[in-house]
Amino acid sequence: MDSQFMIIIGILLGSTIRYTVPILYAALGGLITEKAGVLNFALEGLMLAGAFFAYYGNLVTGSILVGVLCALAAGALTGLILSISILKYKASQLVMGIGINIFYLGLTGYFFRIIGSSGAETMVDDLLGSIHIPLLEDIPLIGVLFEQNILVYLLVVLVIFTARFFNKTTIGLNLKAVGENPYAAAAVGVDVIKNRTLAIVVGSMLAALGGGVMTLTMARVFLENMVNGRGWIAFTAIILGRYSSKGVLIGCLVFGAATALSDIVQIVGIDIPYQAALMVPYIITIVALVLSVGGGNAPAALGARYDRE
Amino acid sequence: MSNRKDVILEIRNLTKTFPGVIANKDVDLDIERGEVHTLLGENGAGKSTLMKAIYGIYGMDSGTVKYNGNPLDAKSPKDAIAVGLGMIHQHFLLVQEFTVLENIIMGLKADKGIHLDLGKHRSRVEEIVERFEIRLDLDEKVKNLSVGMQQKVEIVKVLYRNAKFLILDEPTSVLTPQESQGLFGIIERLKKEGATVIFISHKLDEVLQISDRITVLRDGEVIETVVNKDLRKDDLSAMMVGREVTLDVDMPEVELGPDGLELDKISLVNPGGKTVLKDVSFSIRKGEILGIAGIDGNGQEELAQVLWGTLKASGGSIKLHGSTVDDLSTRKRMDMGMAYIPADRKKEGLVGTFQVSENIVLNSYYKPHFIKGLGQDFGAIREYSERLVQEYNVKTPALSVWAKNLSGGNQQKLILSRAIEGNNDVFIIAQPTWGLDIGAIEFVYRKISELKEAGKTILLISTDLEEVRSLSDRMCVIFEGEVSETFRVQDKQVAEIGLLMAGGKRREE
């Protein structure tokens, strides 16, 4: 009994991390963008783009690093397009975001069909290996946390770095000022357009990497619409996390754990329909959104268009 | 250049145009080191534009600027700040969610790297605050500060950037009389420390109080620079407008009738659960003007809307001509003779993309004389509009022009015309002269006095205390949704009223 329980806990922890990592990358990227005052509705599309191009880059070259770089490049390029259209041509942030999502849903599906969609030859050769941290990995129950791949450890560093960036650096303070009141920031010489462009591009790269993690470390293949709403969950996690890195981390862990739990429910064979179990993360999303209305902590200028005087 | 005087800022032939408008034309101006120099002019005279051009917000079309003898061609505020200029804008540019300290230091580079050394900044800011005797809690969030305090944050912000030359753009427009005096104290202090101050204003009293020299601008040009000695207000306003004007209205003595409008314990809770109006009670008789003074955002707008029927009161009762109207729609109240001149004429007063004539009948298009068959009688509407435009001197190229293309003064005349011509007898008038030039203000005041003479019931809501005092018979002060006792205008000093506007107690030194 005890050992069975331990195994279940181990599985639960492991899959919580697996489910959390992609959305946390995307949510962190979204957070950086939104702190600068730009809504990031494109997380879903960015993840999908990252997932596909990481997979394709890896498929062609056999190199995981190239896969990662492809995802980052796709994110950067998309971020640049978003920046130019939103900041220079004053396109609606909502419409551009949704547009990107629809665009990548179609594009990745189409490309995937072109390169041939079946068989082992279209699978990523090797999954990214785990890095085992000596001693720590032997701790019962939570040892599983210390045998993760490099992208997971990188994410931990990123979360800590982002938190410090916003609270302990001058450029972080300026970026927040741009999101709260761009006119006030501009009046003290902060370049609003430059800050927002950087935030959008970096944020988009992280979101795309979140998608890349799915193909490079979890699925080994690309499937049409494989992101399947995770971008929107990341979007929600930002709101749920009240626009702080720590909050976003917790928010994503909640979603990750809920998804993992719905797996366990099926494995262990608790007698509820598996569809019901699958609904759990989405129900949490809805409840979180309803509860967060009116509260928020959102940057004051979030979503508002900036016109230079 | 004759350099007997120590000129710190020298402007020559500065011209700045916006599409279709000349904002500044061939402006020459010398500012001397250590003086308080006022730029005086009406709205649109080009005083703010001139300063924003120098400060790098707009840039200029032609002309030269020298600061401390060196050419200054600021491409962005950054350049101006770098040489020691600091501008405090009419609308504060602060981050509400940040603390005072964060607001002061934002935008600055770290001494080295990117590390934000709050402790070091704090001690430096404290030094400045002490030197200039400005009391500020550095850890308070700006959103919790009064407007007067926020202004101090702005001042410290520019001082922290080593500004030696401060430009204050209409700094008193949002302050209570006490807060204004506090600001003048700081300006005196700045002067003592050797700073030069440009003060932009159109309020003659304060200009005379604080300035060393005054430059009057009109239509983008410098009219004259005068030393502030033995000047009278009338001289200045004549220079501003280009002709003799007087805003000292002689209100007619009117036999007061019965109550036209009565409020009994009106209260309002907004959707967020916050009490916006609390037990507001007063009554106004026919032929009487009751003024409500107070700083913007203390419930004035909501009070007007509750009276007008666009917001429903949470409690209390309103009587029009003695009969209760609480459950009546706005249309019904209009039919009972109520008229409303809203504070925000663009948002509530006009449909910007409707023609002038359509806006003129916005409150009466449904009346029988504008109806023909199932549609409108456009002939009658045109005739009526033509008459009003002429009688109220609304300057418009044609009746078919969009209302948003009229100047503020002409928009207000349009709104006044339709309210007055509608044969109404209870008027709710909010901020009637906001953003108008003196000529238009004169017109509005005359119309209000005519309404009083005709025995109308008038509620005047304004954040301009002088306006309330000069027009009203009785007045009261609104603060955080509560109104004070009403009193006769001559019964209280400005200082006393100022205290009421700040909530009765002195919140600041």
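This is a short tour of a predicted model, one selection at a time.

Residues are numbered from 1 along each chain as its sequence is written, while chains are lettered from A and ligands numbered from 1 in the order in which they are written. Because the model is predicted, local features need pLDDT of at least 70 and side-chain atom pairs count only at pLDDT 80 or more, whereas totals for chains, interfaces and linings use all residues.

**Stop 1: chain A**

Select chain A and colour it by secondary structure. You will find 11 helices and 2 strands; helices (H or I, at least four residues) and strands (E, at least two) are DSSP runs, numbered from the N terminus. Along the sequence the pattern is α-α-α-α-β-β-α-α-α-α-α-α-α. The C-alpha trace spans about 65 × 45 × 40 Å along its principal axes.

**Stop 2: where the chains touch**

Now show both chains. The contact takes 18 residues from chain A and 21 residues from chain B; two residues are in contact if their C-beta atoms, placed from the backbone, lie within 7 Å. On the chain B side, the largest share, 3 residues, comes from helix α2 (residues 77–83).

**Stop 3: strand β8 of chain B**

Select residues 196–201 of chain B, which form strand β8. All 6 of the 6 residues are buried, so the strand is largely enclosed by the rest of the structure. On one side lie Thr196(B), Ile198(B) and Ile200(B), and on the other Val197(B), Phe199(B) and Ser201(B).

Click on Val197(B): it is the bridge partner of Val36(B) and of Leu166(B).

**Stop 4: helix α17 of chain B**

Finally, select residues 494–501 of chain B, helix α17. Its buried residues are Ile497(B), Gly498(B), Leu499(B), Leu500(B) and Met501(B). They pack against α6, β13 (289–293), α16 (465–471) and β21 (474–479) of chain B. After α17(B) comes Gly503(B), whose phi is positive, near 95°.

Methods. Buried ≥ 20, exposed ≤ 12 C-beta atoms within 10 Å, placed from the backbone. Pairing = 2+ DSSP bridges.
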